[in-house]
Amino acid sequence: MNAIVSAAQTQLIQCKNTGDVRKLSAKLFQDVQDKTKDNVFSLCGELLGRHMHCIAFDFAHRMKKQYDENTFDVFEMWLAKYVRGWGECDDFCVHAFGELICQRPALFSRVVAWTVREEFWMRRAASVVLLVCIRRNRYQDIQPLRIADILMQDRHHLVLKGYGWMLKELSLKEPELVFAYLLHNRAVMPRIAYRYALQKLGAGEQGIPLP
C-alpha cells in the first residue's frame with residue numbers, strides 16, 4: 001500500500017466531520033512528492049478502492065490545472081465504479097468533475113449519455129455536474145434544459161431532486177428562462193423536482209402555480 005494511502009487510512013478514523021477530512025486531505029496532498037497527474041490519479045484509484053472517496057475526489061480536484069480530454073474517461077470510470085450514493089456523487093460532480101466540464105464544455109455531449117444509465121447516481125450526475133458551469137456563468141455551450149427534459153419523469157427521487165437543484169441554480173442566472181420552463185412543464189414535472197426548482201424564484205411573488 002502506498003504510504004499516503006496508508007496514512008490516510010490510519011488518520012481518517014480520527015476525523016469527526018467532513019471539515020476534518022478535508023483538512024487531512026490538504027495535509028496529505030502536501031506530502032505527495034510526485035504531483036504529476038498520472039501519479040496522483042493512481043493514488044486516487046487506491047483511495048477509492050479503500051472507500052476514502054472524499055480524499056480521492058479532493059486530490060483529483062487539486063489536479064485541475066493538468067486536466068485534459070482524457071481525464072473524462074478516468075472520471076467517468078470512477079463515477080460508475082466507485083460512487084454509490086448521492087453524497088459521493090455530489091462531492092465529485094460539484095468539484096473535480098464539474099471543473100472538468102467547465103474547462104471543456106464540448107464534453108457535455110458525453111454527459112448526456114448518462115441520462116439513460118441504469119445507475120441512479122449516473123443519471124443524477126448528468127445534472128449535478130453542470131452546476132459549476134452554471135455558477136460561473138459558463139453554461140452557454142451546454143444545455144441544462146436538455147438534461148431536465150430527458151430526466152423529467154425519472155423513476156428515482158434523487159434524480160428528480162438533482163435536476164431540480166440544477167434548475168434552481170440556473171434560476172439565479174436566468175430567472176425568466178426557468179420561470180417559463182416551469183410554467184410550460186408544470187403539468188408533467190413531478191412535484192419534488194418542481195418545488196426544488198422553484199425555491200429561488202419566490203412562488204408567492206412571481207405567481208407561479210404550485211403543483
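How exposed is Arg-135, in relative accessible area? Arg-135 is partly exposed, at 39%. The scale: buried is under 20% relative accessible area, exposed is over 50%, and partly exposed lies in between, with a 1.4 Å probe and protein chains only.

A word on the model. It is predicted, so to speak of local features we need pLDDT of at least 70, and side-chain atom pairs count only at pLDDT 80 or more, while totals for chains, interfaces and linings use all residues. Residues are numbered from 1 along each chain as its sequence is written, and side-chain values use heavy atoms, leaving out hydrogens and water.

Now the salt bridges. I mean a side-chain nitrogen of Lys or Arg within 4 Å of a carboxyl oxygen of Asp or Glu. The whole structure has twelve.

Back to Arg-135. Its partner is Glu-169, at 3.3 Å, N to O. Glu-169 sits in helix α12 and Arg-135 in helix α10, residues 131-135, so the bridge ties together parts 34 residues apart in sequence. Helices here are DSSP runs of H or I, at least four residues, numbered from the N terminus; strands are E, at least two. Glu-169 counts as buried, at 13%.

Next, Glu-118 and Arg-155. Their closest N and O atoms are 3.2 Å apart. Glu-118 is in the loop between α8 and α9, Arg-155 in the loop between α11 and α12, so parts 37 residues apart are tied together. Both residues are exposed.

Arg-104 is partly exposed, at 30%.
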